[in-house]
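Welcome! Have the sequence and the 3D view open as you read.

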Amino acid sequence: MPPPDSIIQFQGIEKRYDLGGEAEVRALRGVDLTVHAGAYVAIMGPSGSGKSTMLNLIGCLDRPTAGLYSLGGTDVSSMPDDELSEARGRMIGFIFQSYNLIAQLTVIENIQVPLIYQGRDIRAYQEHCAKLADMVGLSDRLHHRPNQLSGGQQQRVAIARSLVNDPLLILADEPTGNLDSRTGAEVLDMIDRLNASGKTIVLVTHDHKVAERAHRVLHMKDGLIEREVINRPAPRANGQPASSV
Amino acid sequence: MNPLSFQFLSTVRLGMKSLMLHKLRSALTMLGIIFGVCSVIAMLAIGEGASYAAQEEIKKLGSDNIILRSLKPAEDAKLAGLGRGGTIDYGLTYQDGARIQSTIPGVRRVLPVRIIRENVLFGPNSVPCQVLGTLPFYPEIVGLDVVRGRFLTETDERNMDNVCVLTVGLAQRLFPYQDPLDHSVKVDSFYYRVVGLVREQNLPEHRTQQGVMEGEPLDNNVYVPLSVSRTRFGEVLIRRSAGGFEAEKVELHQLTVQMNDTAAVETADPQIKTLLGRFHSRNDYEIVVPLQLLRQAEQTKRIFNVVLGSIAAISLLVGGIGIMNIMLATVTERTREIGVRRALGAKRRDITLQFLVETVVLSVGGGLIGVALGVITPIVVSQLTDMKTIVTLWSVLLAFGISGAVGIVFGLYPAKAAAQLDPIEALRHE
């Protein structure tokens, strides 16, 4: 089944945090957003702008207080916890700022983790995983542990891991935040290549240089998308440039 | 292998990996369970061994036997029992034996025994002994091994031959340098030809302290035919004491009633009581039922086991609490890992399973080591102290089962706590 045209569909998404008593924080105040397949979207904004909340909601780590979120055509806004876990594992690949590899597992085993939670027999995916490791240039490090790798290498393992389930969407949270500019650029190049190969990317960053690589930059402020900058047109899922985003 | 069991296996493998990451910590955590399991098995083995010896003794009395013994009545009853010429008349009679044999259902045979304390002489040697007048099937019921020669026979009984059989210990004291067979020993004023030597299967040092074998202590017995005992010693026994002498008339000192099978014992016991009660106005006999003693011993053993078992179970409990404590610390330490796994698609129950597996691996691993130590410890104890120990299968299974259960019970809370973590919070955890 080809992925549906709009990967992310936010309709009036609100997120309120109850701090007890009368106090309440409105982290998101009715956000509308559509991200099409093959898009590369960067989210920017100062802390407290609702950027992290956006990321958590897009990543199905949390549920909105109000509004509708359809991910790849599935309404995930009020899914029970187990189904949400399932949806995360199947449709989203995460790349974190601090890599978040599992310390006691080797490179290849780290790449396999999402498969295990999909209930797949990882023996059938050995070749697939090895190919991904090769793609990120770590085919000679398959049985190393994360503490034997540099930051850039760890982040590349994380990228391979995010791809293992062939997700609809790659969600990157400050992927270069812990890296020096050269390795950071390498990682970003890799993400660019992923996007070029058709993957939909949503990236959260502070760094304008990083954001410039995206087709489209969303600037958040006070729980709303304050403005949107389009750097270049995103390709459509069929490879044609989009007329509008 | 189906994917589910494969997934389970990889979870177990993963749990072991996480444990191996902190080898010392895991080993120390296991220690509580190791000691717990080891002490459960070892304590039960020692308890089992102790009660085994006692039970064996009772079993030798014969679980299909009922033993009746003449008892000198208490002081006030004694006065009432004064017969002619100041003779005290009490105890079991030949008639009692005959009545039991003919009226109680399920009786196989009745063995009468007369016991007279005397000295046995050979040349200059004199040894205090018991002269037991009894029938040829005595060895089958009481458990005697004929070492040399023969036991008493029907012919001896019928002819009232002056023959006797000695216990090995007595023979050694009486005949330090000679072969006792075919020599004659003197008891009271008669001579008896020695026709055999026997050894009791219940050697004195193995006797229980409750004195269940009171009638025939020590290895100093002279066995003569019942008919001989009756005619040579008579029914009235005179005992000289400082103030004069005392005469008592006792026909039989002991009757061993052998039942057809163990099941008949319990119904026969009250029947015998009723039967004898009709002919004995005084309480001049006692009934010992080895089967009941056995039951009591088993009861005692059970209590003993429960006490020992509970003490050991407490140590398992403490071990379990130790595991829970460490697992709670581990959950805190690995909060971020939990967050990552949740983000990568792990459901709450995957996280629960992961931590539960780690706890169970710890406790079952500890349990296995504990079982090994628990089986070795009683052997070492037996070697060092000559205490008898018996490791029973059920104690091993119990201890191992409890250790597994401890893992699950004490692992569940930390595992649930881990699963309840909010993935966002967990990911943010430093």
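Let's begin at one residue: leaving aside residues up to four places away in sequence, A:Thr205 touches A:Ala42, A:Met44, A:Glu174, A:Val210 and A:Ala211. Keep in mind that this is a predicted model.

**Around A:Thr205**

- A:Thr205 sits in the loop that links strand E8 (200-204) with helix H7 (208-212) of chain A.
- Is A:Thr205 buried or exposed? The cut-off for buried is 20 or more other C-beta atoms within 10 Å, and A:Thr205 has 24 C-beta neighbours inside 10 Å, so A:Thr205 counts as buried.
- A:Asp173 is 32 residues away from A:Thr205 along the chain, yet 6.8 Å separates their C-alpha atoms.

**Where chains A and B meet**

- Chain A brings 22 residues to the contact, and chain B brings 20 residues.
- On the side of chain A that touches chain B, the elements giving two or more residues are H2 and helix H3 (107-117) of chain A.
- H2(A) gives the most to this side, with seven residues.
- By type, the residues on this side of chain A are seven nonpolar, seven polar and eight charged.

**Chain B at a glance**

- Chain B has 14 helices and 13 strands.
- Of the 430 residues in chain B, 41% are buried.
- Take the contacts in chain B between residues at least 6 apart in sequence: 82% of them join residues at least 24 apart.

**Helix H11 of chain B**

- Helix H11 (residues 335-343) of chain B is mostly covered, with seven of its nine residues buried.
- Which residues of H11(B) are buried? They are B:Glu337, B:Ile338, B:Gly339, B:Val340, B:Arg341, B:Arg342 and B:Ala343.
- The cover over the buried residues of H11(B) comes from both chains: it includes helix H2 (81-91) and strand E6 (92-95) of chain A, along with helix H12 (348-385), helix H13 (393-420) and helix H14 (423-428) of chain B.
- After H11(B) comes B:Gly345, which has a positive phi, near 110°.

**A pair of helices: H10(B) and H13(B)**

- Two packed helices are described by the angle between their axes and the distance between the axes.
- For helix H10 (residues 290-333) of chain B and H13(B), the axes come within 9 Å and cross at roughly 25°.
- Angles under 35 degrees count as roughly parallel, and H10(B) and H13(B) are therefore roughly parallel to each other.
- The crossing of H10(B) past H13(B) is right-handed.
- Residues of H10(B) in this contact include B:Ala313, B:Leu316, B:Gly319 and B:Gly320, while those of H13(B) include B:Ile402, B:Val406, B:Gly407 and B:Phe410.
- The residues of the contact of H10(B) with H13(B) comprise 16 nonpolar, five polar and no charged.

**The nonpolar cores**

- In soluble globular proteins, nonpolar side chains tend to be buried together.
- The largest nonpolar core here has 122 residues, and those touching the most other members are A:Val41, B:Val37 and B:Ile41.
- Helix H2 (residues 23-61) of chain B supplies the largest share of this core, 13 residues.
- Apart from this core lies another, of 54 residues, including B:Ile58, B:Leu166, B:Ala264 and B:Tyr285.
- Not counting residues up to four places away in sequence, A:Val41 touches A:Val35, A:Ile201, A:Val202, A:Ala214, A:His215, A:Arg216 and A:Leu218.

Definitions and conventions: Residues numbered from 1 in each chain as written. Chains lettered and ligands numbered in written order. Predicted model: local features only at pLDDT ≥ 70, side-chain atom pairs only at ≥ 80, totals over all residues. Helix = DSSP H or I, 4+ residues; strand = E, 2+ residues; numbered from the N terminus. Buried ≥ 20, exposed ≤ 12 C-beta atoms within 10 Å, placed from the backbone. Contact = placed C-beta atoms within 7 Å. Core = buried A, V, L, I, M, F, W, Y, C linked by C-beta atoms within 7 Å. Axes fitted to C-alpha atoms, helices over the stretch in contact; angles between N-to-C directions. Parallel < 35°, antiparallel > 145°, perpendicular 65-115°, else oblique. Left-handed = near helix turned anticlockwise from the far one by under 90°. Nonpolar A, V, L, I, M, F, W, Y, C, P; charged D, E, K, R; others polar.
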